[in-house]
Amino acid sequence: MPAFDTVVRNARVVTAADTFTSDIGIRDGRIVALGLTLDAGVREIDAAGRHVTPGGVDSHVHFDQPTGDGSIMADDFLSGTTSAACGGTTTVIPFACQQRGHTLREAIDDYHRRAGGKPLIDYAFHLIITDPTPQVLKEELPTLIAEGYTSFKIYMTYDALKLSDREMLDTLSVARNEGAMVMVHAENADCIAWLTERLLEAGHTAPRYHATSRPMLVEREATHRAIAFAELIDVPILIVHVSGREAVEQIRWAQSHGLKVYGETCPQYLFLTADSLGCDDSFEGAKCICSPPPRDKANQQVIWDGLENGTFEVFSSDHAPFRYDGPDGKRVHGDNVSFDKISNGIPGVETRMALLWSEGVRTGRITAQSFVALTSTNAAKLYGLYPRKGSIAIGADADLVIWNEGGEYPVENTRLHHNVDYTPYEGMRLTAWPAITLSRGDIVWDGDRPCGETGRGKFLRCIPPDPARPRRRKAILPL
Ligand code: DUC
Ligand code: ZN
Ligand code: ZN
């Protein structure tokens with residue numbers, strides 16, 4: 001009887017700390033042995049000459065999330081997780097969004113129903129808190145954190161989602177006491193509303209004015225305010241989807257003052273610019289509308305620098321899938337509507353890993369170890385999934401990516417598995433793509449097609465993450 005269910009032979013194993021050659025022995029979905037001459041497995045996979053990394057943990061995706069404006073996300077838990085798996089991601093964390101006037105429990109129950117029987121890979125939930133009533137803050141949130149929902153996002157913009165400064169303070173305070181990780185969407189709502197009004201009055205309605213309505217100052221101010229609030233409460237926070245220099249400077253300032261402020265960035269800030277939203281008034285630019293908007297080449301470099309120098313902990317996709325054609329996505333309010341009425345978000349769950357391996361590691365901009373930290377290990381740690389997820393180590397889930405490298409892998413939407421009718425990265429010629437993705441030892445992408453049973457993905461309860469622990473150094477308040 002073979003000792004292992006699967007052995008991956010002669011892998012060039014990469015972790016966040018090391019690169020070494022090893023066989024990987026897998027039994028019952030877990031890594032049970034690492035060594036140079038492991039016994040036979042029922043299945044043998046030859047990985048000689050190939051890098052093998054932990055499966056990606058994409059800690060910022062939106063699947064089948066109710067939107068409130070009639071638009072429908074193109075990806076549900078089946079197409080979204082299938083697309084993820086084909087791009088080397090083995091764990092996703094989408095968002096259960098509280099509707100105002102409703103409880104968090106309703107959001108969680110609804111989201112479990114939406115996921116039910118669909119995911120191909122493992123998944124956890126973040127919460128989005130939009131209505132922090134006393135009941136939510138005192139009872140629901142602590143209970144849900146104890147049940148394994150240990151992270152939540154709060155918004156500083158969007159009328160239907162944003163919290164006031166006072167509500168932010170209340171919510172941060174609960175996170176501190178209960179040990180949850182807070183993700184902050186940092187953009188100043190009133191500045192955006194004011195600028196939008198001026199632009200529309202002047203007849204500047206095309207998609208490209210989305211970027212004009214949300215300049216970096218708007219992101220900088222909100223990032224600064226969120227950091228100040230976190231300092232006041234003495235709670236770690238994570239600023240999501242950071243787009244460029246001004247927010248990066250705020251985060252670095254906080255980090256250099258010893259605050260636990262983490263940063264996330266996304267592919268759109270490395271590979272798109274404001275020009276991707278159009279240089280004329282064509283509606284095509286709607287495809288790249290996301291918030292914050294992509295900036296310019298110089299800011300792309302700042303983001304690369306931040307990935308290299310440790311400013312950023314995570315590189316997530318912020319996959320927010322809206323179709324370009326049809327009535328449910330970007331055009332939910334009609335054809336050629338003004339920029340403020342176009343659904344916000346772009347797809348990217350399948351391309352995230354290959355973009356960063358190809359353009360980051362293979363070009364020498366970042367190390368292979370940094371790639372693993374940014375795409376997998378750090379997210380697992382920040383959101384309470386480590387060491388089960390995020391590493392190649394004995395006892396960890398056998399979530400692995402075996403890489404194809406050196407050939408040419410053009411990004412073409414027709415080859416992707418999401419349900420969106422475009423990719424912002426169409427035509428890019430990458431030099432790497434996952435050859436095989438393993439989720440708990442099962443092949444879910446064989447280099448040609450997705451495999452594995454629909455619904456095999458497991459829901460993951462998260463533990464209170466270590467990086468969410470307060471510093472408890474300097475009490476501004478006697479909390
Ligand atoms: N924020 C997100 O995190 N995703 C999509 C749109 C947005 O504003
Ligand atoms: Zn956001
Ligand atoms: Zn998002």
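The model is predicted: local features need pLDDT of at least 70 and side-chain atom pairs pLDDT 80 or more, while totals for chains, interfaces and linings use all residues. Residues are numbered from 1 along each chain as its sequence is written, chains are lettered from A and ligands numbered from 1 in the order written, and side-chain values use heavy atoms, without hydrogens and water.

Next, display the shell of ligand 1: H60, H62, K153, Y158, H185, H241, S291, D318, A320 and N344, each with a heavy atom within 4 Å. This shell comprises 2 nonpolar, 6 polar and 2 charged residues (Ala, Val, Leu, Ile, Met, Phe, Trp, Tyr, Cys and Pro count as nonpolar, Asp, Glu, Lys and Arg as charged, the others, Gly among them, as polar).

Within the shell, select K153, whose side chain places an N or O atom 2.5 Å from an oxygen atom of ligand 1. Then select H62, where a polar side-chain atom is 3.1 Å from a nitrogen atom of the ligand; for H185, the corresponding distance to a ligand nitrogen atom is 3.4 Å. Of the 240 Å² that ligand 1 exposes when taken alone, the protein buries 94% (Shrake-Rupley method, 1.4 Å probe).

Finally, move to strands β17 (residues 429-439) and β18 (residues 442-445), an antiparallel pair with 3 bridges (strands are DSSP E runs of at least two residues, numbered from the N terminus; pairing requires at least two bridges). Select T437 and its bridge partner W445 in β18. In this hairpin, 2 residues lie between the strands, and R440 takes a positive phi near 45°.

Conventions:
Helix = DSSP H or I, 4+ residues; strand = E, 2+ residues; numbered from the N terminus. Polar contact = N/O pair within 3.5 Å; in protein donor to acceptor, adjacent residues only side chain to side chain.
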